[in-house]
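Thanks for making the time this morning. I would like to walk through one model with you, going from the overall fold to a sheet and then to a pocket.

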Amino acid sequence: RRAEASGRGEPAPGPAKLWSLRRGLRQMIEALQSQLATPPLLGVNVRRVERVRSPDVSPRAWTIVAEGQERWSADAVVLACPAYRQAAILADLDHPLAERIGSIPYNRVAVIALAYRRGDVPGGLDGFGYIAPQRLRRDVLGVQWCSSIFPGRAPDGTALLRAMCGGWHRPEMVGLPDDRLLRAVRDDLSVAMGIKAPPLWHRVVRWNRAIPQYHLGHLERVAWIEERASAHPGLFLAGNAYHGVALNDCTAQA
């Protein structure tokens, strides 16, 4: 669809849609894993990567060093982890590169999931949800109507909502106790959606480094990083810290 929208004469895309998988996004990862010739190593904490500099080996040869000094040889290294983890892994290999990667900032977000009886939610839920204008600096960044976006996300007669607090302008919200976060979300839902009843269930999940921030100068920073990384044949940098934070962007980049 992105190619169709690029102005090359193809038909314009239709209305944007959101897609997911019946068993959640892990289903996609499991499907990719099933196609690998060699099963992946899971639960391994990689500490650093090293170039193998010997006339007897390929100039693209690498060594992966894990915690406990476990080592594996590799023809190439693809880092798709968050920027701060990439920086830690590359620190010994190329300190200036690692420093620039590590300078990409992340925001803090708390996600609060809430389940309601459908009768306790006034009005229709035919939509995506809502986002609060940033200039208002509200306690809640926005609310997604998860059970309206994707089928099978809540039992019949109930609704699943997902609120987000914090972000770049309100990071202090993430550090609030669960009860205060829940109160802030309920107050917002009362004003925005008229929901007065308590939720049937809720869960709070905190992400202290949630989403990379593309501040002014990001494109120049990324261009420098990619130029510097090109001096290390066989090293590839990916993930949502560079060319788009959404899953679609990461898939296209991959």
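The protein has seven helices and ten strands, where helices (H or I, at least four residues) and strands (E, at least two) are DSSP runs numbered from the N terminus. Please keep in mind that this is a predicted model, in which local features need pLDDT of at least 70 and side-chain atom pairs count only at pLDDT 80 or more, while totals for chains, interfaces and linings use all residues. Residues are numbered from 1 along each chain as its sequence is written, and side-chain values use heavy atoms, with hydrogens and water left out.

Along its principal axes, the C-alpha trace spans about 70 × 45 × 35 Å. Of the 254 residues, 34% count as buried, meaning under 20% relative accessible area with a 1.4 Å probe and protein chains only.

Turning to the sheet, three strands form an open arrangement in the order β1-β2-β3 with antiparallel pairing, two strands being paired if DSSP finds at least two bridges between them. The edge strands, each pairing on one side only, are β1 (46-51) and β3 (71-74). Between β1 and β2 (residues 62-66) there are five bridges in the antiparallel sense, and V46 has A66 as its bridge partner in β2.

Which residues line the second largest pocket? They are K17, L18, W19, S20, L21, R22, F150, P151, G152 and R153, a pocket being an open set of points on a 1 Å grid over the protein atoms alone where a 1.4 Å probe fits, with protein on both sides within 12 Å along at least five of seven lines, and lining residues having an atom within 4 Å of a point.

Methods:
Buried < 20%, exposed > 50% of the residue type's maximum accessible area, 1.4 Å probe, protein only.
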